[in-house]
Amino acid sequence: IHEQLVTPDGRPAPFRPAASPLVIEHVGYRPDVLREKGTAERNARLLARCLEERPDDPFYRYHLGVTFVQLRRLQEAAAELERALETAPKSAPYRPSLVRTLSLAYEGLGRPERARTLLQAEAPDVEGQPELWHLLGESFLAAGWVRPAEAAFRAALAAALRADPSDDNVRTFGVGGFRTRTRLTEALARQ
C-alpha cells in the first residue's frame, strides 16, 4: 500500500527525483476521500496481514499507526507508533513523520507532557526538519512556557533554512515560515 523504492537488501534506495515542471496532485489522503473509499479500513486490514508475516517491522507498525489516526483510534495509533519508534533506526526516512504523528496522537489523547518529552528527545536529532521544532514550540506555548517556546520556534526557523527541498516528509503548510513566525511573535509578546 505504501510503495517505496528499495535496494535488493530492503534498504531505502538512494533516489531523488529530478526537478520537473510537472505537478502531480494526489488527493487520496484527504479525509473526505479516505472516508468515501474506505481506504483506511482497507489499509488496516492489509497492514495487519503484513504484520502477521513480519511482526517486528517498524515501517509496517508506523503505517498502521498512521492508519489508526485516520480512523480516529488514537489509543491504538499511539501503541503502534510507540512500538515502531522503539525499533525504527534513527536514520529511517519516515522517522520524523513517525515522531510527528505520535506527538499529535499524544496531544489528541490529552497527554501533552508525553508529546513534549518525545519532541525534546527527537527534534535535535533531525536535521532540516522544522516540523518537530514547531510542534515542540506549540507544546511549550500551550503549557505557558514562553522562553522554551521561543527557542523552539527559532530552532524551527533555522531548520527550515537547512531543509532539503526534495525531502518528502509530511509538512504542515507554513511551518518553518509564516506560521512559525506568527507563533514566535505571540511567544515574544507574552514575555
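Predicted model: local features only at pLDDT ≥ 70, side-chain atom pairs only at ≥ 80, totals over all residues.
User: What makes the side chains of E76 and R73 a salt bridge?

Analyst: They meet at 2.8 Å, N to O. Numbering runs from 1 along each chain as its sequence is written, and side-chain values use heavy atoms, leaving out hydrogens and water.

User: Why is E76 called partly exposed?

Analyst: Its relative accessible area is 37%.

User: What does the salt bridge of R61 and E80 tie together?

Analyst: The R61–E80 bridge is 2.6 Å, N to O. R61 lies in helix 3 and E80 in helix 4, so the pair ties together parts that are 19 residues apart in sequence. Helices here are DSSP runs (H or I, at least four residues; strands are E, at least two), numbered from the N terminus. Both partners are buried, with E80 at 14%.

User: How do you know which residues E80 is in contact with?

Analyst: Contact means heavy atoms within 4.5 Å. Skipping neighbours within four places in sequence, E80 has L51, R61, L64, G65 and F68.

User: And R95: why is this residue called buried?

Analyst: Its relative accessibility is 6%, so it counts as buried. R95 lies in helix 5 (residues 95-108). Its contacts beyond four places in sequence are L85, A88, P89, K90 and E122. R95 also belongs to a salt-bridge network with K90, E122 and D125. Across the whole structure, the search finds 13 salt bridges.

User: How do you know on which side or sides of helix 6 its buried residues lie?

Analyst: The residues in question are A115, R116, L118, L119 and E122. They cover an arc of only 165° around the axis, which puts them on the same side of helix 6. That arc is taken from the directions from the helix axis to the C-beta atoms. They pack against helix 4, helix 5 and helix 7.

User: What makes the charged end of R116 sit over the ring of W145?

Analyst: The distance to the ring centre is 4.7 Å. The rule asks for NZ of Lys or CZ of Arg within 6 Å of the centre and within 35 degrees of the ring normal, so R116 over W145 is counted.

User: Which residues have the most contacts inside the largest nonpolar core?

Analyst: Y62, Y94, L98, L102 and W133, in a core of 42 residues. Helix 8 gives the most to this core, with eight residues. A nonpolar core is a set of buried Ala, Val, Leu, Ile, Met, Phe, Trp, Tyr and Cys residues joined through side-chain atoms within 4.5 Å.

Notes:
Buried < 20%, exposed > 50% of the residue type's maximum accessible area, 1.4 Å probe, protein only. Salt bridge = Lys/Arg side-chain N within 4 Å of Asp/Glu carboxyl O.
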